[in-house]
Structure formats: C-alpha cells, structure tokens
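Subject: Structure handover

Hello,

Here is the structure I promised to pass on. Please open it alongside this email, and then read on.

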Amino acid sequence: DSLEVSPANLMAPTTRAGKGSGVSADETLRDNSKLVWYFGFGSNMNPKVFGPTSGRDRKVNPKSTRTGKVPGWALRFNLKVFPLLEPGMGNIIQEDGAEVHGVAYQITENELDEIYSTEGGDVGTGYIIQPLDFLGYDGSRLTVKACYCPPDRPAVRRSLSLPSKRYITLLRDGARHWKLSTRPTARSSRRTLAGLPHADV
C-alpha cells in the first residue's frame, strides 16, 4: 500500500465521440472484440447496478475483474446531476497522497461507449473518459478508463456535498461485495465509506 503514482505522470484525458466531435457514427461503433479496462469507483462497484446480473441499463459482461486502487486521485461527492434527489454523486479529483479504491472491469469498447452514454456523457454533463494508472491488490498494474467530470464542468459543485443514504448504501454494499480496502476515501478527510455521513433527502 506504499506504492504511489504521481498525478503528473498520468495520461491526458480523452473525450468520447459525439455530436460536434467530427467523428463519424461508423467510427463510434467500435470493434466489439477489442477489450479495455473500465474503472468503477462509485455505484458501478455494486453488482445490482453494474454487471451481468444488473437489471439496469449497465448490464455488461466483464471478461475479467480486478480490485485495487488508483493513487493520486480521491473520491469526492461533488456532482449535482440530480440535486433534489442526489445532492452529491461520486466523482474523482486529483489529490497528492490520496488513493481511490474500486473495481477494474475488462469490457468491450462498445460496452464502454454504452456506459459513457448512461453516465450522461452525451448530454452535456461534462464527463470525459480519463485514463488512470491502476494498482491491483494482487500486484497487477493496468491502464484503466474512468468516467470523470473535471472541476471546470457545469455539473461539478464548487463545494463538497454529502451523498444520499440510497447512494452511499450502493457504494458500501459494492465495496463489501468486492472486499475492498477500508482505507480512507481521501487522505484529507480520513473517512472510510462506512463512516461517511449522508444527506437527508
């Protein structure tokens, strides 16, 4: 757990194809046989939300999974996508000394496109696909892709919010399912998912 990756060494973010991107529809429909690693750090850690048994629109079939962390990034609840129902949804921010724990799923690029769409990436929320350096608990090292909303995007709150009880429960249950580390979600907060308070909505 002493391994660290400097945020300065992370690759630059990439955007997805969409309206006004200059990328054709044919190019957007990627080769279904090409596999990528997707990093789930929020509700997508929960099999009820994400995976082959999910009853939702994120029913994907990962070919493989890894549990681990991404150093240099922290979990924050700063997205106001549904402010009346979900005052603070999960996002990640760069933070020296922090680490965010989650699940790396090996999926097809078509499935990644679908995830990006269901996260609101095609409707102006400001999500991008961010490559990250992932360190598995088993010692593996992967380049993973996460749905990330940079701080200058309209969906990002300028101040942090608390998640709803419904939302934080999804994260806790997902972390428990995957037996994730109970280290703090961020060095500055010293809070684990289990100890994080929730908003009353």
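Leaving aside its neighbours within four places in sequence, which residues is Asn46 in contact with? Keep in mind that this is a predicted model. The residues are Leu170, Asp173 and Gly174.

Now place Asn46 itself. It sits in a loop, with strand E1 (35–40) on one side and strand E2 (64–79) on the other. Is Asn46 buried or exposed? Asn46 is buried, because its relative accessibility is 2% and the cut-off for buried is under 20%.

Next, confidence. The protein chain has a mean pLDDT of 76. Of its residues, 65% reach 70 or more. Take care with residues 1–31, where pLDDT stays under 50. For that stretch the model has 48 contacts beyond four places in sequence.

Then the charged pairs. Side chains of opposite charge can pair when their charged atoms come close. The count here is five salt bridges.

1. Lys69 and Glu99. Their closest N and O atoms are 3.4 Å apart.

2. Arg176 and Asp173. This salt bridge has its closest N and O atoms 2.8 Å apart. Both residues lie in helix H3 (residues 165–178). They are three residues apart, which is about one turn of the helix. Arg176 is exposed, because its relative accessible area is 57% and exposed means over 50%. Asp173 has 31% relative accessibility, so it counts as partly exposed.

3. Arg153 and Asp152. Their side chains meet in a salt bridge, at 3.3 Å from N to O. Arg153 is partly exposed, with a relative accessible area of 26%. Asp152 is exposed, at 57% relative accessibility.

Then follow the salt bridge from Asp173 to Arg176.

Best wishes

Conventions: Residues are numbered from 1 along each chain as its sequence is written. This is a predicted model: local features need pLDDT of at least 70, side-chain atom pairs count only at pLDDT 80 or more; totals for chains, interfaces and linings use all residues. Side-chain values use heavy atoms; hydrogens and water are left out. Helices (H or I, at least four residues) and strands (E, at least two) are DSSP runs, numbered from the N terminus. Buried means under 20% relative accessible area, exposed over 50%, partly exposed in between (1.4 Å probe, protein chains only). Contact means heavy atoms within 4.5 Å. pLDDT is the predictor's confidence in each residue, from 0 to 100. A salt bridge is a side-chain nitrogen of Lys or Arg within 4 Å of a carboxyl oxygen of Asp or Glu.
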